[in-house]
Amino acid sequence: MNLSFFDQFSSPSLFGIPLILISLTFPALLLPSPDNRWVTNRLSTLQLWLINLITKQLMTPLNKKGHKWALILTSLMIFLLLVNLLGLLPYTFTPTTQLSMNLALAFPLWLATLLTGLRNQPSTTLSHLLPEGTPTLLIPALIMIETTSLLIRPLALGVRLTANLTAGHLLIQLISTATVALYSTMPAISLLTLLILLLLTILEVAVAMIQAYVFVLLLSLYLQENI
Amino acid sequence: MLSRLVLRAAPAALRALPPPVAVGVLHTTRPLHTTQQSLAPVPPLPEKGGEVRHGLIPEEFFQFLYPKTGVTGPYMLGTGLLLYLLSKEIYVINHETVASACILAVIIYGIKKFGADVAAFADKLNEEKVSAAQAMKNEAMQALQTAIEEEKKEQWRVEGHTYLFDAKRNNIAMLLETNYRERLMMVYNEVKKRLDYQVALQTLKRQKEQDHMIQWVEKNVIQSITPQQQKESIAKCILDLKALSKSAHAAV
């Protein structure tokens, strides 16, 4: 079938039945379930080691109250990692390329951190709007700027993830189309393009993992400010 | 492969429920009642995973086709299928093909290069866990062994206590004996002192009596010498002296 460039970004459906739920929950099936064993197989051991690493990394800067967020942040991290990496396989749909999905992840979590801060320590949260040591004349302008920066955070989180993944996938598609198109006329150039595609794929693997990490790290940073 | 995943994951997931619920669903995880009913002991994990050829296709598939088509059977099947899909354009070569080739190359390179290291790392994690527990067990056993040795030593020490007590008893007896003898000596000395005193007293008394008597006798004698007797004795003495001087002259 002929694919246009944007078919990969359309929400999957089969005979009108939306498959988005399957595409969201399928990655969880690939993870080994915790067995009631003490010494597990390699995959379970590595999974446990990874989860330990992630949770330690995220929870070390947080105080005791912030440890309530351990479960959701670690699950979010694992989910984003898996979904991003699986999206690099051919003919797969990456849910995180949809802005709706990323905003749906970012906005409630950011709002939760903000409301936690405003409820428990309102003056500290509001004081974050003014960095230390600003000259008196600049205070009004700086408050406006910091408020804008605060309110744009969920948008930034969502759009950052969407843009990175969409751009990466689109680039892969474009360069591979170029490779296929050039193959019949200039095979040597096609080979060069293929090399570029190889490098880009490696970059995309890295970007997939880094974007997942950055999303969760920023959320934990916003939490640190407010809890 | 995925159905295998789901079928394998379901009993473990059901067993992982909280105990009140797990007991209820346990029998639903053994539809034909072929396995044991209890949750423990867990059967051991197999040493090696299932054999796969080319990282994807299980070895059982090759064995399955071997009787009918020999060694090259599965490969012919694969090639034929691939060519059928390509030539009938059931699978169209498009840009995704190239992209999939790239990602597959990256994945295979990653697995080939880092697979052994990651497996060794996982094994090391497990090994550390087991060896930590073993070390604890060994330490406990060692501590108990040391305790047994100490106890035996204490029992040997207790045996030697009888000798100790004997020696102490001897000591005390000697001390008592010495003390008794000292006191005896003291008594003897005191008694002797008193008796010596009495003896000295009597000696003194006799001495005094003798002296007194001698003095009295001498006094009386001197008193009794009359002047006439005195003159007579002096004259006799002079005559004796003359006689003696004569004999002395003669001797010389």
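Helices are DSSP runs of at least four residues, numbered from the N terminus. The exercises below concern a predicted model.

**Exercise 1. Determine which helices supply at least two residues each to the lining of the second largest pocket, and describe that lining.**

Solution. 
- Step 1. The space itself comes to about 300 Å³ in volume for the second largest pocket.
- Step 2. Its lining consists of 17 residues. Those nearest the centre are Thr40(A), Ser44(A), Thr45(A), Leu48(A) and Lys129(B).
- Step 3. Two helices meet the condition of at least two residues each: H2 (42–59) of chain A and H5 (95–224) of chain B.
- Step 4. H2(A) provides the largest share of this lining, namely seven residues.
- Step 5. By class, the lining of the second largest pocket holds seven nonpolar, seven polar and three charged residues.

**Exercise 2. Describe the interface of chain B and chain A, beginning with the residues in contact.**

Solution. 
- Step 1. On each side the contact involves 33 residues, 33 of chain B and 33 of chain A.
- Step 2. The two chains bury about 3000 Å² between them, and carbon and sulfur atoms account for 71% of this area. Within chain B, the residues that lose the most area to chain A are His95(B), Glu96(B) and Ile103(B), which together make up 20% of what that side buries.
- Step 3. One salt bridge is counted between the chains. A salt bridge joins the side chains of Arg42(A) and Asp123(B), with an N to O distance of 2.9 Å.
- Step 4. Ten residue pairs are in polar contact between chain B and chain A, both residues being at pLDDT 80 or more.
- Step 5. On the side of chain B that touches chain A, two or more residues come from each of helix H1 (2–15) and H5 of chain B. H5(B) gives the largest share, 21 residues.
- Step 6. That side of chain B divides into 25 nonpolar, five polar and three charged residues.

**Exercise 3. State how many cavities of 30 Å³ or more the structure holds, and characterise the largest cavity.**

Solution. 
- Step 1. There are two cavities of 30 Å³ or more.
- Step 2. H5(B) contributes the most, with five residues.
- Step 3. The lining of the largest cavity comprises seven nonpolar, eight polar and one charged residue.

Notes. Residues numbered from 1 in each chain as written. Chains lettered and ligands numbered in written order. Predicted model: local features only at pLDDT ≥ 70, side-chain atom pairs only at ≥ 80, totals over all residues. Heavy atoms only, no water. 1 Å grid on protein atoms, 1.4 Å probe; cavity = no way out; pocket = protein on both sides within 12 Å on 5 of 7 lines; lining within 4 Å. Points joined across faces, edges and corners; volume = space filled by probe spheres on them. Nonpolar A, V, L, I, M, F, W, Y, C, P; charged D, E, K, R; others polar. Contact = heavy atoms within 4.5 Å. Buried area = accessible area lost by both parts, 1.4 Å probe. Salt bridge = Lys/Arg side-chain N within 4 Å of Asp/Glu carboxyl O. Polar contact = N/O pair within 3.5 Å; in protein donor to acceptor, adjacent residues only side chain to side chain.
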